Amino acid sequence: MTRIFSRPQYDAVIIGARCAGAATALLLARAGARVLMVDREDGSQDTLSTHALTRPAVSLINDWGLLGRITRAGTPVVRQTRFQYGDDVVDVPVQPGGGIAGLYAPRRWLLDRVLRDAAWEAGVELHTGVTLVGVQKQLNGRVCGVSLRLKSGEVEPVSAGIVIGADGRQSSLAGMVGARSIMNSDTRAACIYSYVDGLPNEGYRWFFGDRVSAGLIPTADGAHCFFAACDPRAMRRWFNFDAFGGMVQMLSQWDPELAAELAARGPIERLRRFAGAPGHLRDCAGPGWALVGDAGYFKDPATAHGITDAFLDAQRLADALSETPGEAAAYQTARDRLAPHMFTLTQQIASYDWDLAQLKQLHMAFNACLKQEQSELGHCAFSQTLAA
Ligand SMILES: Cc1cc2nc3c(=O)[nH]c(=O)nc-3n(C[C@H](O)[C@H](O)[C@H](O)COP(=O)(O)OP(=O)(O)OC[C@H]3O[C@@H](n4cnc5c(N)ncnc54)[C@H](O)[C@@H]3O)c2cc1C
């Protein structure tokens with residue numbers, strides 16, 4: 001058998017090398033742990049995302065010393081967020097602070113690569129084309145290692161002080177360790193998006209109407225991510241034949257001039273569709289294992305908070321493991337202070353079962369949670385207030 005891993009045993013083995021896995025690997029390696037991170041993909045592909053980072057995510061990536069890499073690669077600063085409820089426009093300036101100019105929405109091929117590169121520089125051993133196929137347990141049930149299938153088809157065992165699943169929404173590790181479900185939701189919204197060139201950067205723009213929403217998010221190289229979302233049952237009505245035309249038509253109810261401009265410009269990349277997926281909040285820590293990112297907690301993208309969750313998970317897990325090596329229970333306690341409430345709010349927003357006044361209240365409640373997350377990080381200076 002060809003051994004591709006440099007050692008038979010690591011302090012931590014991380015399955016999944018995108019935003020949750022790479023951020024966790026980076027923090028653990030910087031704290032001195034011997035970390036192996038594997039991913040079944042090679043990591044060069046994009047992934048489904050509309051890219052918007054919230055304040056806690058930007059604060060964390062700045063704390064980790066990586067925000068400069070994101071901005072130097074052409075990600076523009078976002079200084080304002082606009083919420084448009086029918087004709088009612090609410091502009092929310094993003095106050096700079098703590099050395100941070102505003103919000104950012106990096107493309108995923110950039111964000112995930114920056115995190116992975118930083119993890120590698122910190123000493124993380126990374127192998128792609130490697131798939132988790134099993135876990136090993138001690139007699140007392142504690143997880144103590146994994147079985148990994150290599151590109152060659154061979155399966156190699158590796159021992160670990162802790163095994164961390166950063167393997168996304170359909171996490172294999174969650175199933176293998178029997179992670180208990182805390183909350184589930186069948187509510188889901190459908191989303192379609194692409195990219196347009198040449199619009200001025202007016203910040204994040206979110207539009208809400210009768211059972212539909214749309215948005216524009218300045219991302220990399222002068223392009224905006226343009227998305228439209230609705231109840232999955234209305235997907236066909238809006239986007240069946242000319243999907244981009246349907247997106248533009250939806251936008252025209254809030255801003256006909258902008259819609260006409262987008263129609264004239266057209267998409268610069270293929271359209272991506274997401275039909276929606278059920279949400280879950282699972283136990284994220286057990287004997288010898290932990291879950292970070294979507295693996296432990298997936299809620300609808302309606303609140304654009306998945307990357308923020310992934311970063312908060314990485315930081316909280318690294319903090320917990322530095323206090324009690326190999327034991328992640330404190331991480332779950334920290335995550336679950338707000339997670340059930342934010343999960344419920346997000347799924348209500350994704351249901352499209354509201355009128356615009358109710359939606360505004362839901363957004364205000366979600367914003368209050370973001371503020372709590374931000375104050376947990378001790379970055380009150382970098383603030384954004386959703387006006388009533
Ligand atoms: C349409 C859409 C729009 C979104 N927009 C936003 C947004 O604007 N802002 C925001 O914050 N969030 C957004 N999200 C959510 C965000 O994309 C996710 O929360 C985030 O990608 C989760 O990261 P992750 O690292 O946990 O998992 P993933 O990004 O899913 O990565 C999991 C990795 O694990 C690997 N893997 C899986 N199984 C195995 C295995 N058995 N062995 C080895 N490797 C494995 C996969 O190859 C993958 O690379 C959006 C999501 C969708 C669907």
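How many residues surround the ligand, and which are the closest? There are 35 of them, and the closest are G16, G168, G293, G306 and I307. Please keep in mind throughout that this is a predicted model.

Now, where does that shell come from? Four elements each supply at least two of its residues: helix α1, residues 19-30; strand β2, residues 35-39; strand β6, residues 131-137; and helix α9, residues 306-323. The largest share comes from α9, which gives four residues. Sorted by class, the shell around the ligand holds 16 nonpolar residues, 13 polar ones and six charged ones.

Next, α9 and the helices packed against it.

The axes of α1 and α9 come within 8 Å of each other, and they cross at roughly 30 degrees. Angles under 35 degrees count as roughly parallel, so α1 is roughly parallel to α9. The crossing of α1 past α9 is right-handed. On the α1 side, the residues in this contact are C19, A20, A23, T24, L27 and L28. On the α9 side they are I307, A310, F311, D313, A314, Q315, L317, A318 and L321. By class, the contact between α1 and α9 has twelve nonpolar, two polar and one charged residues.

Then α2, which covers residues 55-63. The axes of α2 and α9 also come within 8 Å, and here the crossing angle is roughly 45 degrees. That angle makes α2 oblique to α9. The crossing in this case is left-handed. From α2, the residues P56, A57, L60 and I61 meet I307, T308, F311, L312 and Q315 of α9. This contact has seven nonpolar residues, two polar ones and no charged ones.

I307 is among the closest residues to the ligand. I307 also takes part in the contact of α9 with α1, and in the contact of α9 with α2.

A further helix pair is α7, residues 243-252, with α8, residues 256-265. How do these two run relative to one another? They pack at an angle of about 165 degrees, with their axes 7 Å apart. That makes α7 roughly antiparallel to α8. Their crossing is right-handed. The contact is made by V248, L251 and S252 from α7, together with P256, L258, A259, L262 and A263 from α8. By class, that is seven nonpolar residues, one polar residue and no charged residues.

Last, the domains. The protein is divided into domain 1, made of residues 9-78, 104-186 and 278-376, and domain 2, residues 190-274. Taken over C-alpha atoms, the centres of domain 1 and domain 2 are separated by 28 Å. How many residues does each domain put into the contact? Domain 1 contributes 17 residues and domain 2 contributes 18 residues. The side of domain 1 that touches domain 2 has twelve nonpolar, four polar and one charged residues.

Notes: Residues numbered from 1 in each chain as written. Predicted model: local features only at pLDDT ≥ 70, side-chain atom pairs only at ≥ 80, totals over all residues. Near = placed C-beta within 6 Å. Nonpolar A, V, L, I, M, F, W, Y, C, P; charged D, E, K, R; others polar. Axes fitted to C-alpha atoms, helices over the stretch in contact; angles between N-to-C directions. Parallel < 35°, antiparallel > 145°, perpendicular 65-115°, else oblique. Left-handed = near helix turned anticlockwise from the far one by under 90°. Contact = placed C-beta atoms within 7 Å. Domains from an automatic or database assignment.
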